[in-house]
Number of protein chains: 2
Amino acid sequence: MAKAPPIDKRRQILDAAIRVFARQGFHSTRVSDIADEAGVAYGLVYHYFKSKDEVLNELFNERWSLLLTAIEEADREGASPRAKLEAVAGFIVDSYRHDPELMKVIIVEVTRAANSFGRTHLSEIRRAYDSIAKIVADGQAAGVFRRDIDANFVSMSFYGAIEQLLSGWIFEVIPAADSDFDQAKTLLVTTICDGLEPR
Amino acid sequence: MAKAPPIDKRRQILDAAIRVFARQGFHSTRVSDIADEAGVAYGLVYHYFKSKDEVLNELFNERWSLLLTAIEEADREGASPRAKLEAVAGFIVDSYRHDPELMKVIIVEVTRAANSFGRTHLSEIRRAYDSIAKIVADGQAAGVFRRDIDANFVSMSFYGAIEQLLSGWIFEVIPAADSDFDQAKTLLVTTICDGLEPR
DNA sequence: AAACCGATTGACTGGTCAGTCAACCAGGGA
DNA sequence: TCCCTGGTTGACTGACCAGTCAATCGGTTT
């Protein structure tokens, strides 16, 4: 009864999948690649997951729910709209810093894979956009953000900018040192809130 | 000798491919789907193109070279850095308005498909980022843009914001009326240049 | 020790397509 | 008239791989 396998094979498979998906991409990953990387038999993947898709779904859900929670918390506890946006950007950037492989998989294979998994998870992804839009709208209502720019447009732009930076790091288009991550957080908020032109 | 087939089958195939790729996505499009949509025999696709991939490559190259030209022209002829950025955003938004299916294919299947075609065309895609960064850097050098924000970061953010808006239209996350397109152009530049906070 | 049961194994199958190729057709030139 | 050539056709093949399943293993219960 007392089940306590010293190693959680299911977790082992998920972690292996992160590495393999990050390395080869979802489409060119064979289920056997995952099994090999995890050091388990082919069939065991199907013991724990209904399909190859379900492995990726699981990875996405695990992480995205954290993001949604983080955005809501930022909204609840942030001192100002600006601070809230900074917390959001910070969380996403830190997620990448903490586990770049997982974030690569989620962005490349789900968030930006509009014809496959992005489509499936559109409503959850959208929830993030909406939460950010709410932060902006509240800022506008409070008078600290200008009202002549649609909050949904801002939300999309802000999120798109973050994701593009992550993409830039993932594909080594822009430098990815620790200092760059820190700069990015404030840069994003400074640009969006203060603008490029000097005051 | 005087070859003048009343209908250019090659073009016909490319146009059909745009529609089918836009509808089903590249991966779930069979070569037979393209042939059927174009009203030609299966084998003819291989007479004009080396592979299914080459069809998409051709579509991307056709369009992306226009974009690169447009950015360079904006840089050359724009009155101010701000006007240049507006021209860039305007061109991309208008490209979508003019041919949403083609832009959908290019963004979804190439630009954001980092593990397949995005990887292949990375250097060309990057050229766009670089050209935008140059506009920003020139603006900084001229003193009309603040210098404490890295030009490459701004470039990525700006481009990412545009692409996210297009994605939003493509997947009907945000409204896509004519007025929205016009708003978007100025919104993007206003946000990036003036910022969200009132002056 | 015998029955039990979930975890684990990996060979095998069925279906799917990208790409090939031999044949066919049309029209221009000899 | 009869090649010749290049566009056009679509049946076929070879490779690939997700998912299945019957067999095995190892620990627990009775």
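**Notes on the predicted model**

1. In chain A, 63% of the contacts between residues at least 6 apart in sequence join residues at least 24 apart; two residues are in contact if their C-beta atoms, placed from the backbone, lie within 7 Å. Bear in mind that this is a predicted model, where local features need pLDDT of at least 70, side-chain atom pairs count only at pLDDT 80 or more, and totals for chains, interfaces and linings use all residues. Residues are numbered from 1 along each chain as its sequence is written, while chains are lettered from A and ligands numbered from 1 in the order in which they are written.

2. Chain A has ten helices and zero strands (DSSP runs numbered from the N terminus: H or I of at least four residues for helices, E of at least two for strands). Its C-alpha atoms fill a box of roughly 60 × 40 × 35 Å along the principal axes.

3. Now the two chains: 42 residues of chain B are in contact with 42 residues of chain A. On the chain B side, helices H8 (122-141), H9 (151-170) and H10 (178-194) each give two or more residues. H9(B) supplies the largest share, 13 residues.

4. The largest share, four residues, comes from H3(B).
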